[in-house]
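Dear colleague,

I am handing over the structure below, and after it I set out what was found in it. Please read the notes with the coordinates open beside you.

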Amino acid sequence: MADRLYVKNLNFCYGSFHALKNINVGFKDKTITALIGPSGCGKSTLLRCLNRMNDLIEGIKITGNIFLDEQDVLSKKTDLISLRKRVGMVFQRPNPFPLTIYENVSFGLEVHGVNNKAQIEHIVEKSLKDAWLWDDLKDKLSHPALSIPLDQQQRLCIARLLAVEPEVILMDEPCSSLDPISTMKIEELMFELKKKYSIVIVTHNMQQAARISQYSGFLLMGEMIEFDETSTIFTNPKNQKTQDYITGRFG
Amino acid sequence: MFVKDNMSTKDKLITCVIYTVAFSAISILLLITIFIFRKGAPLIFKIGIPNFIMNKTWAPLGSQYGIFSMIMGTIWITAGAMIIGIPLGVSCSIYLVEYAPLIIRKILKPIIELLAGIPSVVYGFIGVVMLAPFIRIHMGGPGLSVLAGSIILGIMILPTIVGISIDTLQAVPNSYREGALALGATKWQSIYKVVLPAARNGIIASIILGMGRAIGETMAVIMVTGNSANVPHSILDPVRTLTSNIALEMGYATGDHQQALFSTGIVLFIFIMIINTNHLLKIYFYYLLYLPLQFFVL
Ligand SMILES: Nc1ncnc2c1ncn2[C@@H]1O[C@H](COP(=O)(O)OP(=O)(O)OP(=O)(O)O)[C@@H](O)[C@H]1O
Ligand SMILES: [Mg+2]
């Protein structure tokens, strides 16, 4: 199966700090890929290159290529708006907008020019259903999004992403502020979403990576030390550093 | 009553001092209020509330104390100042927080806040020597007018609006902006649809404070509005506000006339009270601020 998203010779600097060193990695369609590694190794940085969120930071330097289908994401000509519609992102802390639940989900649609009210209503309902929120929230659509529990907030953030029908979903430690039961729910949800989307998840939680991902990449000090099928990484890593990390000898 | 037995002596002492200070501040305010009402209320009841508020003729020599024209003057001038000050102030703060490079914000914000420290007589002076002649020559009328007053006041309230709005906008978490951009929103969409609603209450508070300042401002208004006690019919007409009325005549007024000025003060007091009970105004400003903004987006 061909890679949906392909990173080639990616180098990334925050000012003079070389945060990503010559990264090569591919992300397959309908697959969950986990990025693991100790704090500060560049997982978030790599993830944020994929939808160009790093563009918001001043003084960055970036070389190499990232291909989404045939298109170079890093090219100056890339339309960030349609890129981010295709490559959506879920953040570490749930960050629903301080609007109503309904407005949170319809936000993306309105931004991308959907004006038909009936259509918006339909998609909002479908997205909430796909994020397993509909039963809980269908009577609260006009409530403020910040009033619901944290795990529902995080799934609301996923729902508002699903509404714009992305192709790739990037998740930066989406469960790190949630309790184990909520984490399990999100993981089950990811399993469901995997059927339609390509998912890249950054996680600190080794068990989580082992549970949900088919491929894993181990990053250390800005380098991609090893990238392979998750089962291989966790049972039979080729690199000693990977071995040390997954057995908990550092990190 | 506030000093509890289980407190140490030092605690008791400090508690006493703090409560004394707090109560004296409140009681001074209370005394001022009582004083104004004691001095002003009798005249209002003597000539009747409708006659005082709705009568257009202010002629102290002829014992005619109608302040309708001054009420209208205050409303016109304040509304004008808001029409000028709100768009300028809010868009200025949006620019400084969302668009301007950090260094420009760091330089400009203190400068704008410095504007608050300029004595109002200086604003009035600029209005008299530059603005009023400009209006007289290019737009007609006497120059000293509603328009001149509104422009000067609109500028005077900028520091209040900009200062507080900037603080509120900066307090909006960055994760909201990132969340919006990550969904493919443009910068303006993220500001308009997420940041501004998040900052709404603070921005409205800044506007209300600015409005309070506009209603209360006296010196600059006296200098640039012409002060004729007539109901204005156009923005080029001269007007007199409630505050000007008090300041202009208090120096020589006696008897009923002096009482009428205190009565004017009561009306002003009620104006300010209405503004600060801002639940109504919140709704009102929502439409004033957001509905017009919507047209930019379409
Ligand atoms: N805006 C920035 N400016 C300068 N350096 C940064 C910036 N953001 C991150 N870094 C540095 O880049 C390196 C990689 O950061 P990154 O956030 O990608 O790490 P991470 O692997 O996601 O870590 P964590 O697990 O703690 O989230 C870190 O050493 C960090 O200090
Ligand atoms: Mg991170």
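Predicted model: local features only at pLDDT ≥ 70, side-chain atom pairs only at ≥ 80, totals over all residues.

Residues are numbered from 1 along each chain as its sequence is written, chains are lettered from A and ligands numbered from 1 in the order in which they are written, and side-chain values use heavy atoms, with hydrogens and water left out.

Three of these neighbours can be described by distance. An oxygen atom of ligand 1 lies 2.5 Å from an N or O atom in the side chain of Ser44(A), and an oxygen atom of the ligand is 3.2 Å from an N or O atom in the side chain of His204(A). With Gly40(A) the backbone takes part, one of its N or O atoms lying 2.8 Å from an oxygen atom of ligand 1.

**Where the two chains meet**

Counting contact as heavy atoms within 4.5 Å, 23 residues of chain A are in contact with 16 residues of chain B. The two chains bury about 1,700 Å² between them, 68% of it on carbon and sulfur atoms; buried area here is the accessible area (1.4 Å probe) that two parts lose on being put together, summed over both. Pro98(A), Phe107(A) and Val111(A) supply 28% of the area that chain A buries against chain B, more than any other three residues.

Polar pairing is found here as well. Five residue pairs, both members at pLDDT 80 or more, are in polar contact across the interface, where a polar contact is a pair of N or O atoms within 3.5 Å; within protein, one must be able to donate a hydrogen and the other to accept it, and residues adjacent in sequence count only if both atoms are side-chain atoms. On the side of chain A that touches chain B, the elements giving two or more residues are helix H2 (80-86), strand S6 (87-90), helix H3 (101-111) and helix H6 (150-162) of chain A, these being DSSP runs numbered from the N terminus (helices H or I, at least four residues; strands E, at least two). By class, that side has 15 nonpolar, four polar and four charged residues, with Ala, Val, Leu, Ile, Met, Phe, Trp, Tyr, Cys and Pro taken as nonpolar, Asp, Glu, Lys and Arg as charged, and the others, Gly among them, as polar.

The count of salt bridges between chain A and chain B is two, a salt bridge being a side-chain nitrogen of Lys or Arg within 4 Å of a carboxyl oxygen of Asp or Glu. In one of them, the side chains of Glu110(A) and Lys193(B) meet at 2.8 Å, N to O.

**Salt bridges within the chains**

Over all chains the count comes to 22 salt bridges. Asp151(A) takes part in a pair with Arg155(A), the closest N and O atoms being 3.2 Å apart, and both residues lie in helix H6 of chain A, four residues apart, about one turn of the helix. Asp151(A) also pairs with Lys185(A), at 3.4 Å between the closest N and O atoms. Because Lys185(A) lies in helix H7 (residues 180-193) of chain A and Asp151(A) in helix H6 of chain A, this pair ties together parts that are 34 residues apart in sequence. Arg155(A) is buried, with a relative accessible area of 2%, and Asp151(A) is buried at 11%, whereas Lys185(A) is partly exposed at 32%; buried means under 20% relative accessible area, exposed over 50%, and partly exposed in between (1.4 Å probe, protein chains only).

In chain B, Glu98(B) forms a salt bridge with Arg177(B), the closest N and O atoms being 2.8 Å apart. This pair links distant parts of the chain, with Glu98(B) in helix H3 (residues 68-99) and Arg177(B) in helix H8 (residues 174-182) of chain B, 79 residues apart. Both Glu98(B) and Arg177(B) are buried, and H8(B) is itself mostly covered, seven of its nine residues being buried.

With regards
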